[in-house]
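Me: Got a model open here and I want a quick walk through it. Can you take my questions as they come?

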Amino acid sequence: MLRTILSKPLLSDVGLLVLRVFTGTLLIHHGYEKLANIENFADAFVRPLHLPFPIVLSYIAAFSEIGGSWLLITGLLTRFGALAILGTITVAIYHAVITAGFNIYLLELLGLYFAAAAAVLAVGPGCFSIDELIVRRFNPETAKQSEAADDAYVSSGTISQGAEA
């Protein structure tokens, strides 16, 4: 029983859920702050990079953080949300390096957001997501495999409990 608890992928799915929800929840306010004063954000962060259409790019950055965060939190189109966050954070890291050099105090939070988004992009959302529900609903083979795995798990637990008694 202990081996099943420690090695069952359930714990990795819980870890992905925690990573998604915390990253999305902590990042979403950055997008709302950008929207609160989009001109200020464009002047402080986009114009120094000499990018065209600073107001449009500022709105894209804000909506990428807000939309990407909601997609991470809910687990719906999770990889798309992680990609949106990854793109915005990449530009933010570039801005931080260009304006302040390799300042660890500026880069540490950006690096954590980057790593979390990259991990979710690479691994996927896990079982506790809307994406997983959609896949299970529309892919009958996945449902059959899941049922077979559950049946095998239940029968192995029953056998080991019977052997202990």
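This is a predicted model: local features need pLDDT of at least 70, side-chain atom pairs count only at pLDDT 80 or more; totals for chains, interfaces and linings use all residues.

Me: What share of the residues is buried?

Reply: Buried residues are 29% of the 165 in the chain. The chain exposes about 10,500 Å², and carbon and sulfur atoms supply 70% of that.

Me: And the contacts, what part comes from residues 24 or more positions apart?

Reply: 65%, counting contacts in the chain with a separation of 6 or more.

Me: On to H2. What span should helix H2 have, and what are its end C-alpha atoms doing?

Reply: H2 covers residues 10-36, which is 27 residues. At 1.5 Å a residue it should span 39 Å, and the end C-alpha atoms are 40 Å apart, so the two agree.

Me: Which residues of H2 are buried?

Reply: Asp-13, Leu-16, Arg-20, Thr-23, Gly-24, Leu-27, Ile-28, Gly-31 and Lys-34.

Me: What covers the buried residues of H2?

Reply: The cover includes helix H3 (38-46), H4, helix H5 (78-100) and H6.

Me: Which residues make up the largest nonpolar core?

Reply: It has 12 residues: Leu-27, Leu-72, Ala-82, Ile-85, Leu-86, Ile-89, Ala-96, Leu-107, Leu-110, Tyr-113, Ala-117 and Val-120. H5 and H6 each supply at least two residues of this core.

Me: Leu-27 is on both lists, then. What does Leu-27 touch?

Reply: Leaving out residues up to four places away in sequence, Leu-27 touches Glu-65, Ser-69, Ile-85, Ile-89 and Tyr-113. Ile-85, Ile-89 and Tyr-113 are also members of that core.

Me: Switching to rings. How many aromatic pairs does the structure hold?

Reply: Two. One of them is Tyr-59 with Phe-63: the ring centres are 6.2 Å apart and the planes are at 15°, so the pair is stacked.

Me: Where do Tyr-59 and Phe-63 lie?

Reply: Both are in helix H4, residues 54-74. They are four residues apart, about one turn of the helix.

Me: Is Tyr-59 buried, exposed or partly exposed?

Reply: Partly exposed, at 35% relative accessibility.

Me: What sits over the ring of Phe-138?

Reply: The charged end of Arg-137, at 5.6 Å from the ring centre.

Me: Now Ser-129. Where does Ser-129 lie?

Reply: In the loop between helix H6 (104-123) and helix H7 (130-138).

Me: Buried or exposed, that Ser-129?

Reply: Buried, with a relative accessible area of 6%. Setting aside neighbours within four places in sequence, Ser-129 is in contact with Arg-20, Thr-74 and Gly-75. Arg-20 is one of the buried residues of H2.

Me: What about Glu-132, where does Glu-132 lie?

Reply: Glu-132 is in helix H7. Its relative accessibility is 18%, and the cut-off for buried is under 20%, so Glu-132 counts as buried.

Me: Where does His-50 lie, and where is Phe-53?

Reply: His-50 is in the loop between H3 and H4. Phe-53 lies in the loop between H3 and H4 as well.

Me: Are they buried or exposed?

Reply: His-50 counts as exposed at 71% relative accessibility. Phe-53 also counts as exposed, at 64%.

Technical notes:
Residues are numbered from 1 along each chain as its sequence is written. Side-chain values use heavy atoms; hydrogens and water are left out. Rings of Phe, Tyr and Trp (its six-membered ring) pair if their centres lie within 6.5 Å; planes under 30 degrees apart count as stacked, over 60 as edge-to-face and the rest as tilted. Buried means under 20% relative accessible area, exposed over 50%, partly exposed in between (1.4 Å probe, protein chains only). A charge sits over a ring if NZ of Lys or CZ of Arg is within 6 Å of the ring centre and within 35 degrees of the ring normal. Contact means heavy atoms within 4.5 Å. Accessible areas come from the Shrake-Rupley method with a 1.4 Å probe; for residues, only the protein chains shown count as cover. The expected span of a helix is 1.5 Å times one less than its number of residues. A nonpolar core is a set of buried Ala, Val, Leu, Ile, Met, Phe, Trp, Tyr and Cys residues joined through side-chain atoms within 4.5 Å.
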